[in-house]
Amino acid sequence: MDCLFKTPLRYTKTLLLPVVLVVFVAIVRKIISDMWGVLTKQQTHIRKHQFDHGELVYHALQLIAYTALGVLIMRLKLFLTPHMCVMASLICSRQLFGWLFCKVHPGAVVVALLAAMSIQGSANLQAQWNIVGEFSNLPQEELIEWIKYSTKPDAVFAGAMPTMASVKLSALRPVVNHPHYEDAGLRARTKIVYSMYSRKAAEEVKRELIKLQVNYYILEESWCVRRSKPGCSMPEIWDVEDPANAGKPPLCNLLVKDSEPHFTTVFQNSVYKVLEVIEE
């Protein structure tokens, strides 16, 4: 929910949201006005000319659709934000704001608006420019090197999706869940994979992993103890999904201490623990 409110705040600070709202209201007002004119005038050619702004209707509906997608799935803001910028450019439209441009030069409106937007915009740019350094993840590099030289090329891996992306890209090993593609089947597989952080029995989780033909599971203890706020750790989320096992110790905690008899620890460093699935 915090992200849901932070995003409109960021849009507001750069004046993007206020400008888009002004443009959207102007489009709705014009649509209503034109529709009223169409209904009240009898001449066909007059009606056609008066309602000859279908592109505005299209952009308004597109904005509503992208807003709905952005609210439902936060990462789909990548569609909403560029379209909001397109909508903001309509602040210069004579069709919508001709009454204003009769009194004020359009260039003056653009310059004033850009000047106001640049206040927060320059602060955003400065924040990005101040990010200095290089990415380094030594534990993951150790993991990838071990996978490349100690496992077969067709060995199948499962684990947290960000880690699976690195395994697929850098070690070229098959993975059962990947963050760069999404469908119902992948979500179902990911739920099975993440059951390692539930309170289910190890034998039950292993049986499901074998069905997915998983050979190795990359366990990350941080995923078991990470808790951004109350009720948001993986075991607590699983308590909602699987109330029958609520109250039992998390499986991931048990496997960190001792992976046997259902799994065998074949690699371990400060972050990752690779468990080989023992097939019956």
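Trainee: Why is F79 called partly exposed?

Mentor: Its relative accessibility is 39%. Buried means under 20% relative accessible area and exposed over 50%, with partly exposed in between (1.4 Å probe, protein chains only), so F79 counts as partly exposed. One reminder before we go on: this is a predicted model, where local features need pLDDT of at least 70 and side-chain atom pairs count only at pLDDT 80 or more, while totals for chains, interfaces and linings use all residues. Residues are numbered from 1 along each chain as its sequence is written, and side-chain values use heavy atoms, leaving out hydrogens and water.

Trainee: How many aromatic pairs does a search of the whole structure find?

Mentor: The search finds 7. One of them joins Y66 and F79.

Trainee: What makes the Y66 and F79 pair stacked?

Mentor: Rings of Phe, Tyr and Trp (its six-membered ring) pair if their centres lie within 6.5 Å; planes under 30 degrees apart count as stacked, over 60 as edge-to-face and the rest as tilted. Here the centres are 5.9 Å apart with 20 degrees between the planes, hence stacked. Y66 belongs to helix α4 (residues 54–72) and F79 to helix α5 (residues 77–89), so the pair ties together parts 13 residues apart in sequence. Helices here are DSSP runs of H or I, at least four residues, and strands are runs of E, at least two, numbered from the N terminus.

Trainee: And why is the Y194 and Y197 pair called edge-to-face?

Mentor: The planes of Y194 and Y197 stand 80 degrees apart, with 6.5 Å centre to centre, which makes the pair edge-to-face.

Trainee: Are Y194 and Y197 buried or exposed?

Mentor: Y194, at 12% relative accessibility, counts as buried, and so does Y197, at 0%.

Trainee: Which residues have the most contacts inside the largest nonpolar core?

Mentor: They are M196, Y197, L209, Y217, L219 and F263, in a core of 25 residues. A nonpolar core is a set of buried Ala, Val, Leu, Ile, Met, Phe, Trp, Tyr and Cys residues joined through side-chain atoms within 4.5 Å.

Trainee: Last one: how do you know that α8 and α9 are oblique to each other?

Mentor: Helix α8 (residues 138–150) and helix α9 (residues 161–171) pack at about 50 degrees, their axes 10 Å apart. Axes are lines fitted to C-alpha atoms, for helices over the stretch in contact, and angles run from 0 to 180 degrees between N-to-C directions. Under 35 degrees counts as roughly parallel, over 145 as roughly antiparallel, 65 to 115 as roughly perpendicular and the rest as oblique, so α8 and α9 are oblique.
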